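Visitor: I would like to learn how to read a structure like this one. Where do we begin?

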Amino acid sequence: MINYKWTKGFFSSTSELYSSEKKIGELKKEAFSTTFYGMINESHYKFMKKGLFDSGMDIMDLKSKNIIGRITFNSWNAKTQILLDNEKFEWKSDSFWNNKWSILEDNKRLMEFKKSGLSDGYIKATTTNDLLLITGLLSINYYQKVAAFIIIMTSIIINS
């Protein structure tokens, strides 16, 4: 089992990933955009939507400039399909409180993400797939923004 930690400032657009107290990566949202940039170890990625109504993101390896994967979000049930080099993975929420998540391959749990504070947490992994780590953080970020939007809209409707 490999252990990681992630942190993100409350108003920050950057999540940082640590292994043994050493920073090994980060995920940063581009300002006023739906584009994210991920860096882990020596690899750099760009996560981008194709269009306004696209429910997913393409993953580009910035070194080769090739599209190497796709993330497809399902906002209705907090599940994400991840396709990386023709391998399929599933990211899903494991709790009603939206504080535990997993990445699975063929129903086998590869990674467990657990929130430990407002914007930080721990990851336990049985694989060293760096891109899955960054993609998992991106999925957490995406669904937390969806949840925040729903809370705000519900509050507006109730108070109207």
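**Charges, fold and core**

Guide: Begin with charge. The protein has 22 positive and 17 negative charges, and their mean positions are 5 Å apart. Lys and Arg count as positive, Asp and Glu as negative, while His and the chain ends are left out. Each charge is placed at NZ of Lys, CZ of Arg, CG of Asp or CD of Glu.

Visitor: What kind of model is it, and how are residues numbered?

Guide: This is a predicted model, in which local features need pLDDT of at least 70 and side-chain atom pairs count only at pLDDT 80 or more, while totals for chains, interfaces and linings use all residues. Residues are numbered from 1 along each chain as its sequence is written, and side-chain values use heavy atoms, with hydrogens and water left out.

Visitor: How many helices and strands does the protein have?

Guide: Helices (H or I, at least four residues) and strands (E, at least two) are DSSP runs, numbered from the N terminus. In sequence order the pattern is β-β-β-β-β-β-β-β-β-β-β-β-α. The radius of gyration is 15 Å, close to the 15 Å that the globule rule gives for 160 residues, so the protein is as compact as a globular protein of that length. That radius is taken over C-alpha atoms, and the rule is 2.2 Å times the number of residues to the power 0.38.

Visitor: What does the C-alpha trace span along its principal axes?

Guide: About 50 × 35 × 30 Å.

Visitor: What share of the residues counts as buried?

Guide: Buried means under 20% relative accessible area, exposed over 50%, and partly exposed in between (1.4 Å probe, protein chains only). Of the 160 residues, 35% are buried. The protein exposes about 9,800 Å², with carbon and sulfur atoms supplying 55% of that area. Such areas come from the Shrake-Rupley method with a 1.4 Å probe; for residues, only the protein chains shown count as cover.

Visitor: Which residues touch the most other members of the largest nonpolar core?

Guide: A nonpolar core is a set of buried Ala, Val, Leu, Ile, Met, Phe, Trp, Tyr and Cys residues joined through side-chain atoms within 4.5 Å. The largest one has 33 residues, and L17, F47 and F113 touch the most other members. Helix α1 gives the most to this core, with eight residues.

Visitor: What does F113 touch?

Guide: Contact means heavy atoms within 4.5 Å. Beyond four places in sequence, the partners of F113 include W6, W101, Y122, L133 and I140. For the whole chain, take contacts between residues at least 6 apart in sequence: 31% of them join residues at least 24 apart.

Visitor: Is T135 buried or exposed?

Guide: T135 is buried, with a relative accessible area of 0%. The residue sits in helix α1, which covers residues 130–159. Leaving out residues up to four places away, T135 touches F47, I59, I71 and I82.

Visitor: Where is T80, and what does it touch?

Guide: T80 is in strand β8, residues 79–84. With a relative accessible area of 2%, T80 is buried.

Visitor: Where does L83 lie?

Guide: L83 is also in strand β8. L83 is partly exposed, at 32% relative accessible area. Beyond four places in sequence, L83 touches I68, G69, R70 and K88.

Visitor: How far apart are T126 and M1 in sequence and in space?

Guide: They are 125 residues apart in sequence and 5.1 Å apart in space, C-alpha to C-alpha. T126 is in the loop between β12 (120–125) and α1. Leaving aside neighbours within four places, T126 is in contact with M1, R109 and L110.
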